[in-house]
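Colleague: Could you walk me through this model? I am new to it.

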Amino acid sequence: EIIGVIIVKKSNGVVVPNAAVTLSPDQTHSPTTGELPEQSLTKTNNTDANGRTEFTYELEAILNVDVVKFLGNDTLVGTDIIRLLKGKIVTKVVEIN
């Protein structure tokens, strides 16, 4: 299995608990099969008190990372890309603002 770790921080470096983190493939049709990507690759978790969340996948993948955090009337968002590699724990820090 392959583990992707996302750590969410504000631009000032403070970690963000309870942010919703979604990993998902590009929603484009495969050039070879014309099919959309496997929907089971899309997963959402919330960050813990340390701004961290972990995802487990069976296969290597390049996935979009979308982060949303509601703070009062503000919505903080951030995006990035993570490349999951077999046999590795891949950690990505995503900044939201």
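Modeller: Gladly! Strands are DSSP runs of E, at least two residues long, numbered from the N terminus, and two strands pair if DSSP finds at least two bridges between them. This is a predicted model, where local features need pLDDT of at least 70, side-chain atom pairs count only at pLDDT 80 or more, and totals for chains, interfaces and linings use all residues. Residues are numbered from 1 along each chain as its sequence is written, and side-chain values use heavy atoms, with hydrogens and water left out.

Colleague: What is the order of the strands in the open sheet?

Modeller: The sheet has four strands with antiparallel pairing. β3 and β6 (74–84) have a single partner strand each, so one side of each is left without a neighbour in the sheet. The order is β3-β2-β5-β6.

Colleague: Is T47 buried or exposed?

Modeller: T47 sits in the loop between β3 (43–46) and β4 (52–57). Its side chain reaches the backbone nitrogen of A19 at 2.9 Å, and a polar atom of that side chain lies 2.7 Å from the backbone oxygen of V16. Buried means under 20% relative accessible area, exposed over 50%, partly exposed in between (1.4 Å probe, protein chains only). With a relative accessible area of 3%, T47 is buried.

Conventions:
Polar contact = N/O pair within 3.5 Å; in protein donor to acceptor, adjacent residues only side chain to side chain.
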